[in-house]
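Trainee: I would like to learn how to read some local features of a protein model. Could we take them one by one?

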Amino acid sequence: MEKTQRAGIHPSFMRGIRLLILLVPVAVQLAGCGDDETSSPRTLSGVNQPSMPSQTTQPGTVTTAPAPAPFAPPTPVADVGAQYERSPTGLPYPKLATLYPGHDGPTVDDGMILPWLSMRPPLKLNVMVQTPFDTDQDGKPDRIALRIVQPAEVAEGLKTPVIVRPSVYYADPNYATKQRAPFLGEAEYLRMGFTIVYADSIGTNQSDGCWSVMDRTEREAMASVVRWLTGDPVAPGYDAQGQPVAASWSTGHVAMEGISYGGTLPTMVAATGVPGLEAIVPVDGISSGYDYFRYNGVKGDMIQLGPYMQLQQSTARASICEPARLKAVTDSDDRTYAYNDFWKLRNTLSLVDQIQAATLIAQGQADNNVKTKNAMQLYDALYRARKPVQLWLHSRDHNDPAWQKEWQKQILMWYSRYLFGVNNGVEKQPTYVRETPAGDIPSGTTLNPQPGDTSDSLIGHCYNPDHSTRDCIPTGELFIKEDAWPKTVDTSYYLHDNGRAGGLLTPSTTDGTQAASVDFSKAAAVTYETKPLANATRYAGAIRVVMRGRFTPAVTNIKATLSVDGHDVTYGWANPRFYKGLDVAQTIAPNTDYGFSLEMMPRDFTVMPGSKVKLKLEGYQGTALVTLDLSHTTLEMPVVPKAHAAAVMVAK
């Protein structure tokens with residue numbers, strides 16, 4: 001594994017210093033997750049920012065924390081008893097002892113349902129669930145294809161809650177078993193008493209219809225699966241012979257889980273408010289279609305909507321659905337990249353008030369596929385709406401944290417509470433869990449362990465050929481629980497000296513020489529770097545560059561990259577045409593000053609004393625010259641002044 005190492009200092013020593021600084025026991029008052037209102041994620045600042053007063057002290061973070069120890073199980077909620085009577089969506093829970101007639105019910109230990117059923121071969125069946133739509137216009141309601149796997153005991157009267165794994169990728173026969181297997185494993189889920197349902201989204205693989213990507217049709221079509229599982233007659237099911245079939249074995253309590261688009265669908269379905277969907281586990285999922293296929297008015301390194309739809313649309317209906325696909329591409333506005341009505345209909349965040357399902361989110365900080373903004377804004381919206389939510393932020397890429405045993409335990413605790421009704425107190429846990437990398441490499445860095453080296457991993461399967469080798473936690477990493485996302489204070493850093501030769505990035509207005517302006521382009525970037533930091537400083541949230549600039553001879557997009565000691569931590573783009581907001585692109589006149597801002601992808605990372613932060617600015621998707629007015633340009637860094645860790649565990 002690649003680690004940063006300063007001359008003459010051994011990495012293990014740096015890990016010890018980092019742990020000491022992060023967990024220094026200083027008595028401070030907890031600053032919780034923000035009730036402070038922030039600017040809308042749908043607007044870009046068009047206001048010129050005046051120079052701030054000179055700061056007399058360097059920013060820094062004071063953290064209090066208990067001594068590292070294994071995470072303790074939560075405490076059950078008082079005055080409830082061993083099991084809740086009704087679910088968050090209002091449906092009654094069957095008593096655990098009645099689930100399997102003639103047998104004892106499941107065993108609960110530390111708030112978790114333990115494996116209690118046999119390892120006999122499972123039952124398997126295929127069902128088509130009817131939706132209210134006819135998107136392929138064949139005169140028949142579209143149906144969603146389900147492949148159902150159940151414990152053998154269902155044939156003997158066992159009633160089970162259900163874990164649905166929805167996806168658009170099941171045309172790949174290896175997808176469900178190797179690439180994106182159930183989070184705890186199919187066999188383990190079965191032994192714990194769950195039925196597993198693999199569901200094709202509308203228009204994909206074996207389902208009928210045309211795929212429409214994150215709109216109301218796709219939401220409601222997949223919600224029909226939950227309705228069938230709860231016995232709602234508006235969503236009938238049919239077997240392979242076309243005969244009606246009911247989910248009589250279901251307790252009516254359903255969860256949805258998945259990763260990537262499979263993690264997008266659970267949140268979409270939860271936003272319908274469908275009764276019976278008690279819990280969702282979206283991992284690296286999309287919360288707003290615009291923030292996946294676009295970024296602040298720029299089509300950067302994102303997947304293109306048209307080819308993506310073409311690739312996942314069921315081949316049997318590709319020709320029938322082609323007009324709808326072409327219309328979607330046109331409506332998405334590939335000319336200006338505005339946040340128009342097409343994208344507003346694909347913004348699940350706008351429906352967050354309808355979500356009843358308890359939401360357990362996981363996101364990789366180094367995920368450059370589904371950007372961190374999607375998970376952060378979903379967590380923030382649910383937290384502000386006082387919905388049951390927890391965010392796990394790990395420092396790896398586009399993958400689920402399956403290597404984290406604590407993450408696996410949390411999923412089981414989540415399902416035990418919301419699918420079985422076990423009173424385990426999970427809803428009273430801290431809502432934010434983060435993983436920090438070992439040593440002094442900031443989260444967001446691409447880590448490259450040596451293939452085959454399992455000496456520093458928690459579990460050896462990290463290096464299985466079907467598992468990403470980047471997803472291994474080295475010894476010394478920390479798992480930190482906090483009550484909520486920390487409260488931050490924006491700290492302005494100024495761009496001084498000559499950025500072409502390497503300028504100074506400083507929180508002081510008097511440090512260095514303030515140049516009037518700086519020019520850069522796609523071919524000639526500028527950089528500004530801090531002096532070695534005096535204090536351990538934690539930054540949490542979206543870092544912004546607030547600018548005033550002009551363009552010659554025409555406008556160009558801008559890219560910013562933030563790095564620490566040469567390791568890229570975050571980046572983002574700005575399209576100056578949207579300086580008044582993302583709804584409408586404005587005309588930019590040459591050689592005219594405009595105020596706008598660039599937002600980078602949210603991160604949570606700590607920069608250690610002696611390290612340096614560097615900002616790089618360059619033109620993107622254009623060759624024009626950009627001239628920034630440095631008296632009205634700042635880097636706005638969300639500094640955590642005080643933080644309190646509720647619990648800390650060291651990976652060993």
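Mentor: Start with Asn 591, which is partly exposed because its relative accessibility is 45%. Buried means under 20% relative accessible area, exposed over 50%, and partly exposed in between, with a 1.4 Å probe and protein chains only. This is a predicted model: local features need pLDDT of at least 70, side-chain atom pairs count only at pLDDT 80 or more, and totals for chains, interfaces and linings use all residues. Residues are numbered from 1 along each chain as its sequence is written, and side-chain values use heavy atoms, with hydrogens and water left out.

Trainee: What is the phi of Asn 591?

Mentor: Most residues other than glycine have a negative phi. Asn 591 is not a glycine, yet its phi is positive, about 55 degrees. Asn 591 sits in the loop between β23 (567–574) and β24 (594–599). Helices (H or I, at least four residues) and strands (E, at least two) are DSSP runs, numbered from the N terminus.

Trainee: Where is Gln 621 found?

Mentor: Gln 621 is in the loop between β26 (613–620) and β27 (625–629). Gln 621 also has a positive phi of about 55 degrees without being a glycine, and its relative accessible area of 40% makes it partly exposed.

Trainee: Which residues does the cis peptide bond join?

Mentor: Most peptide bonds are trans. Here a cis bond links Thr 552 and Pro 553, with omega about -5 degrees. Pro 553 lies in the loop between β21 (544–552) and β22 (557–564).

Trainee: How many aromatic pairs does the structure hold?

Mentor: Rings of Phe, Tyr and Trp (its six-membered ring) pair if their centres lie within 6.5 Å; planes under 30 degrees apart count as stacked, over 60 as edge-to-face and the rest as tilted. The structure holds 28 such pairs. One of them is the tilted pair of Tyr 169 and Tyr 175, 5.3 Å centre to centre with 55 degrees between the planes. Tyr 169 is buried at 18% relative accessible area, and Tyr 175 is buried at 8%.

Trainee: Which parts does the pair of Phe 293 and Tyr 308 tie together?

Mentor: That pair is tilted, 6.0 Å centre to centre and 50 degrees between the planes. Phe 293 is in helix α6 (residues 290–293) and Tyr 308 in helix α7 (residues 305–312), so the pair ties together parts 15 residues apart in sequence. Phe 293 is buried at 1% relative accessibility, and Tyr 308 is buried at 7%.
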